Amino acid sequence: MPDTLTKLAYQTFQQGKQYFGITHKTLSNNLMKTFQPPKNVETQEVDLKTLQRLQQRMAALLEQDWQDAEAGVYPKQLLFDNPWDDFLRFYPLVWLDLPKIWQRATDRNHHSFAKDIDTSGYPQYYLQNFHHQTDGYLSDLSAHLYDLQVEILFNGNADPMRRRILPSLKAGVTGVEKAKILDVACGTGRTLSMIRAMLPKASLYGVDLSPAYLRKANETLSAQPGVLPQLIQANGEALPFVDDYFDAVVSVFLFHELPAAARQNVIDQAFRVIKPGGTLVLCDSIQRVDSPEFEVMMDNFPAMFHEPYYRHYTTDDLNSRLITAGFEEVTNQVHFMSKYWVAQKPAIA
Ligand SMILES: C[S@@+](CC[C@H](N)C(=O)[O-])C[C@H]1O[C@@H](n2cnc3c(N)ncnc32)[C@H](O)[C@@H]1O
């Protein structure tokens, strides 16, 4: 397909996902207001100017995504990757799950797990229904619905947001023949799948606390061509790897779900397992310091979804945490609703 056509196809694809996300949220909000009106949820109206700024950030994100794919940083087919099978199998369940979500939100019940789920051995901060998710991160149903729910939340931009880590990651491992790369809190494996498409020779590893999400990651990744990443159930605060092992470590959408001390622990562990001269790339929500124009959204998010550590996260100085751990050359980028940290472990002199 000529490039202008491919670009048009990509823009149309993203537009479709955006309309789908907006429509889903409008319908589900109206249903919620009718059947289970939220109590004690104080959100602020988002004004037109903020919405326009958001739209501009989104357009810039997609343009950058396209430019990087066109420049060959990652394959263009990644732009069109979508879990269609999951969509067909599980989208109806997203709707069926909504009444349970509304009920838990109304009851402020944030620690609800099915009886057969073994909750022993997890850190206390983890045993919650983040974003009112049924069973938190600890059931197969939760793992099946997660990617669909995140795409809806971000109006189809979750994958373009994840892909923003790829250029810095690729630059960080350039010249390494068979780079070893770890994804901390790999969830259902979407980031690992992207990295595998960009760096087919790399040895990939993923850790996550959720056995269900790792099962889902294994199911998805093993159905695709390429060497299967090694997936291990582990806490990012205690990585089960020797020192100086990885050429790069990445983590996407983890830090806003951690208490402050755990954020530092994960960064310290990443520093420990990265080789001297290696690279860390983080992606998470925007923060107040560099996105004050989106404060209203940063206030609304934890009011609408159960995100107990988000408010603190939005003010947390991760640059200082990275430097405390020993990283240097810390740089930041801000894109649509997302912020990025790239840091280097000093090379041995
Ligand atoms: C918001 S999801 C992000 C998942 C994935 N990285 C993505 O891009 O969608 C947060 C993930 O972090 C995992 N998680 C939370 N705390 C963790 C910890 N201390 N160690 C390892 N994984 C953790 C959860 O199980 C979940 O899969």
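Colleague: What share of the 349 residues in the chain is buried?

Modeller: Buried residues account for 39% of the 349 residues. Keep in mind that this is a predicted model.

Colleague: How does the radius of gyration of the chain stand against that of a compact globule?

Modeller: The rule for a compact globule of 349 residues gives a radius of gyration near 20 Å, and the chain has 20 Å, so the two agree. Along the principal axes, the C-alpha trace spans about 65 × 55 × 40 Å.

Colleague: Which secondary structure does the chain have?

Modeller: Twelve helices and seven strands. As for contacts, take those between residues at least 6 apart in sequence: 75% of them join residues at least 24 apart.

Colleague: Into which domains is the chain divided?

Modeller: Into domain 1 (3-114 + 123-153) and domain 2 (158-344). Their C-alpha centres lie 19 Å apart. Each side of the contact is counted separately: 38 residues come from domain 1 and 38 residues from domain 2.

Colleague: Which elements of domain 1 give two or more residues to the side that touches domain 2?

Modeller: Helix H2 (48-70) and helix H4 (140-153) do. By class, that side of domain 1 holds 18 nonpolar, eleven polar and nine charged residues.

Colleague: Which residues touch the most other members of the largest nonpolar core?

Modeller: A core of this kind is a set of buried residues joined through C-beta atoms within 7 Å. Here the largest one has 72 residues, and Ile181, Ala248, Val249 and Ala270 touch the most other members. Domain 1 and domain 2 each supply at least three residues to this core.

Colleague: Take Ala248. Which residues does Ala248 touch, leaving aside those up to four places away in sequence?

Modeller: Ala248 touches Leu169, Gly172, Val173, Ala179 and Ile181, and also Gly278, Thr279 and Val281. Ile181 is itself among the residues that touch the most other core members.

Colleague: Now the ligand. How many residues surround the ligand, and which are the closest?

Modeller: The shell has 22 residues, and the closest are Ala185, Gly187, Ser210, Gly236 and Val252. Helix H7 (190-198) and strand S2 (203-208) are the elements that give two or more residues to this shell.

Colleague: How do the residues of the shell divide into nonpolar, polar and charged?

Modeller: Twelve are nonpolar, five are polar and five are charged.

Notes. Residues numbered from 1 in each chain as written. Predicted model: local features only at pLDDT ≥ 70, side-chain atom pairs only at ≥ 80, totals over all residues. Near = placed C-beta within 6 Å. Helix = DSSP H or I, 4+ residues; strand = E, 2+ residues; numbered from the N terminus. Nonpolar A, V, L, I, M, F, W, Y, C, P; charged D, E, K, R; others polar. Domains from an automatic or database assignment. Contact = placed C-beta atoms within 7 Å. Buried ≥ 20, exposed ≤ 12 C-beta atoms within 10 Å, placed from the backbone. Rg over C-alpha atoms; globule rule 2.2 N^0.38 Å.
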